[in-house]
Amino acid sequence: MTGVVLRGGIELADPFADALGFLEAYGADDPAGASEPNTFDERDLRRANRGGARISAAEQAAVLSRRRRIEAALRELPPEASLAARTVPWPSLTRLFGGFGEIRGVGFAKMTKALHPKRPALIPILDSVVQAYLAGDEPAPDEFGERATALVRSYKQDLDVNRAALSEVKRALAKRGYTLTEVRLLDMLIWSALS
């Protein structure tokens with residue numbers, strides 16, 4: 001098994017064991033309860049909350065008041081869009097993230113927990129651990145959607161560096177009945193290494 005190299009000199013010699021340990025400790029993502037790929041509604045927010053997002057009723061109402069904008073941006077992103085692809089639809093992704101901007105109490109973690117199931121090969125879960133890992137020396141853009149996209153661009157660098165190893169682990173986990181994207185797998189490995 002090929003190792004995974006993370007920033008700061010962190011090397012995961014057996015990423016399969018690390019990923020399997022994460023899955024055994026926390027379980028696989030719950031595929032039930034999501035709405036269709038190009039719609040966004042209460043089911044998606046409830047699903048995110050089952051995954052630990054803790055989106056309050058007031059925050060849910062604020063997000064759903066932007067439903068048309070969010071769904072329009074989702075339609076611009078093919079369901080099979082992947083961060084591992086050579087080209088990524090960055091402007092559409094920025095518009096999608098921008099649909100969540102300036103909602104009090106809704107940051108990158110809650111947003112990406114709600115959106116990841118919509119585009120699982122494209123959108124990582126930017127929880128506090130992953131955000132801290134990705135934090136760089138470059139100044140962050142002012143706009144919410146642009147800041148989120150900057151983090152995902154940074155995330156793509158790690159995905160690209162470790163693409164072969166992640167594909168290898170993905171195939172090995174599939175033999176055990178776990179279906180994951182490279183994006184979700186890298187989330188798990190970063191979280192396992194740093195938390």
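Modeller: Confidence first: this is a predicted model, and the protein averages a pLDDT of 93, with 96% of the residues scoring at least 70 (pLDDT being the predictor's confidence in each residue, from 0 to 100). Among the elements, helix α7 (residues 128-134) has the lowest mean pLDDT, 93, while helix α3 (residues 57-64) has the highest, 98. Where pLDDT is low, the predicted coordinates should not be read in detail.

Some ground rules. Residues are numbered from 1 along each chain as its sequence is written, and side-chain values use heavy atoms, with hydrogens and water left out. Local features need pLDDT of at least 70, side-chain atom pairs count only at pLDDT 80 or more, and totals for chains, interfaces and linings use all residues.

Now the spot itself, F40. F40 sits in the loop between α1 and α2 (42-50); helices here are DSSP runs (H or I, at least four residues) and strands likewise (E, at least two), numbered from the N terminus. At 0% relative accessibility, F40 counts as buried, where buried means under 20% relative accessible area, exposed over 50% and partly exposed in between (1.4 Å probe, protein chains only). Not counting residues up to four places away in sequence, F40 touches S35, L45, V63, L64, R67, I70, E71, L74, F100, A114, L115 and K118, a contact being heavy atoms within 4.5 Å.

Leaving aside neighbours within four places in sequence, L20 is in contact with L173, R176 and Y178. The C-alpha atoms of L20 and E80, 60 residues apart along the chain, are separated by 25 Å.

Stepping back, the protein has 10 helices and 2 strands, running β-β-α-α-α-α-α-α-α-α-α-α from the N terminus on. The radius of gyration is 16 Å, close to the 16 Å that the globule rule gives for 195 residues, so the protein is as compact as a globular protein of that length; the radius is taken over C-alpha atoms, and the rule is 2.2 Å times the number of residues to the power 0.38. Buried residues make up 46% of the 195. Among contacts between residues at least 6 apart in sequence, 68% join residues at least 24 apart.
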